[in-house]
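Student: Hi! Could you walk me through this structure in plain words?
Tutor: Happy to, let's have a look together.

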Amino acid sequence: MISRRQALVTGLSSLGAALMLPGCTKPLPPTYGNILRMADNLTYMAHRALLPGQSLAREYSYSDVSSFPATGTTDPSKLSEDYARLSGTSFDDFRLSVEGQVSKPGLYSLADLMNLGRTTQITKHTCEEGWTAIAEWTGVQLGTLLQHAGILPSARFILFHTYDEWLDSIDMMDAFHPQTLIAYGMNGKTLPIQHGAPIRLRLERQIGYKSIKYIKKIEVSDKFVDYGEDIGWAWYTGI
Amino acid sequence: MPESQSETPSVGHRLWVRLSHWLITLTFFGLAFTGIEILMVHPRLYWGEVGNDLTPALIELPISRNYKHGGWENKVAFFDGKSSPISASRTYDIFNYNGWGRSLHFLLAWLLVITGSLYLVMGLFTGHFYKHIWPRLRELTPRAIYKDIVAHLRLKNIESTPGNYNLSQRITYALVIFWLFPVMLITGLTMSPAVTAALPFLLDWSGGLQSARTMHFLVSVALELFLILHFVMVIVTGFKKHIVAMTVAK
């Protein structure tokens, strides 16, 4: 979590850096020091301070389910031999690792996750590009999984490691939101590969790319990790 | 410069009006620029809640996308039947680096909301809106409106001195301040999944996120047209007079 003071100090110091180093050699995209992150942090703090913490995103009816583009990585087989092998056997040997600040770190098969919980919701996916799509998602609430693994009081962020070598994190407010799912089903079937099989995150109050696909490891951490910083993508995208 | 003893006494806008005018102008330019940048990622507009490359568009804007992708593959239907919604995979050639446009847009939106709120509070409490902007009901006679429109179309006899605006001017300013800018704010917030989870009625007001997005675009075009019109009228009715009033105010 970013404290007000931290945000202010980062903002001011980066403003100073930007003024002193007009010809800075950072690669694309422009991040203007940390000024853009300062705006993201302002939005994050404003949302957390002003909006009710556990308000639910709107849910739709089955007839609202729409066509749904699959973007970003649509098959990690080329990136990961493990993934290629697992997808060849319908993910029977897949084991989700839950580790870090938990009292019972462990491995979960798809059947374990299905036994742990089954929540279904029909929600809207809002892509940062501007398009939207509605789908039905089935999965176990992330909060249920974290409690099953014995999440410790030192936990501050939940990190998701993926087969397409991505990493993203969310805060505890989002992690224990009732609509935050580790989804294993989509539109009444098992989750298709192009939409993140075997499991993906559903995070309904942020922009689509935070609902990260192809999760292989969940790490409960006391540290803040901002993987998107180098490419200029905001960490918090409640928008 | 010699003191002018002309018909119009030298009038300057008050400091808070000048400051907010230029701050709002600056943020508006930034918002328009980053808004176009964001739009170029997906220049298709829709109505309702849903819209994407696999559904028909309401308007397809003739502007190029600012990234390239390699087309769609692996089309599969979700359900049985011909009318089933489908899924397809997008291949990409160039990774999408548009995050800065969004973050900058929201930074400027914050600035505009803060400046705009201060402007509204000041305008209300100093009587600026009541005295200079808000058209009086008794003024809105067909005859007066007709006369004013004719004067504008002929570009003749347009009475406009700083702070003493003519009828069309006040109607236009009132529309921009009390209608177009609030609509921009509301439709902008309607595109935020966090905000609409807390305030779901926003989705009902516009009829859905994509309707809000389309309106956000159309109103931004209206504001850009206003900007051009405003600039033209400033030149027509005395560029120097207006610029002085809105800057050094002497």
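Student: How does α1(B) pass α2(B)?
Tutor: α1(B) passes α2(B) in a left-handed crossing, meaning that the near helix is turned anticlockwise from the far one by less than a right angle. Helices here are DSSP runs of H or I with at least four residues, strands are runs of E with at least two, and both are numbered from the N terminus.

Student: Before we go on, what kind of model is this?
Tutor: This is a predicted model, where local features need pLDDT of at least 70, side-chain atom pairs count only at pLDDT 80 or more, and totals for chains, interfaces and linings use all residues. Residues are numbered from 1 along each chain as its sequence is written, while chains are lettered from A and ligands numbered from 1 in the order in which they are written.

Student: Back to those helices: at what angle do the axes of α1(B) and α2(B) cross?
Tutor: Roughly 155 degrees, and the axes come within 9 Å. Axes are lines fitted to C-alpha atoms, for helices over the stretch in contact, and angles run from 0 to 180 degrees between N-to-C directions. So α1(B) is roughly antiparallel to α2(B), a label for angles over 145 degrees.

Student: And which helix of chain A meets α2(B)?
Tutor: That's α2(A), residues 35-50; the axes cross at roughly 60 degrees and come within 9 Å. This crossing is left-handed too.

Student: Which residues make that contact?
Tutor: Among them are Ile35(A) and Leu36(A) from α2(A), with Trp100(B) and Trp110(B) from α2(B). Being in contact means that the C-beta atoms, placed from the backbone, lie within 7 Å.

Student: How many residues of each chain touch the other?
Tutor: 48 residues of chain A are in contact with 40 residues of chain B. On the chain A side, α2(A) gives the most, with 7 residues.

Student: New topic: what order do the strands of the sheet take?
Tutor: The order is β1(A)-β4(B)-β3(B), in an open sheet of 3 strands with mixed pairing. Strands pair if DSSP finds at least two bridges between them. The edge strands are β1(A) and β3(B), each pairing on one side only.

Student: Which way does each pair run, parallel or antiparallel?
Tutor: β1(A) and β4(B) pair in the parallel sense over 3 bridges, with Phe68(A) partnered by Ser87(B). β3(B) and β4(B) run antiparallel, joined by 5 bridges, and there His69(B) stands opposite Tyr92(B).

Note on methods. Contact = placed C-beta atoms within 7 Å. Parallel < 35°, antiparallel > 145°, perpendicular 65-115°, else oblique.
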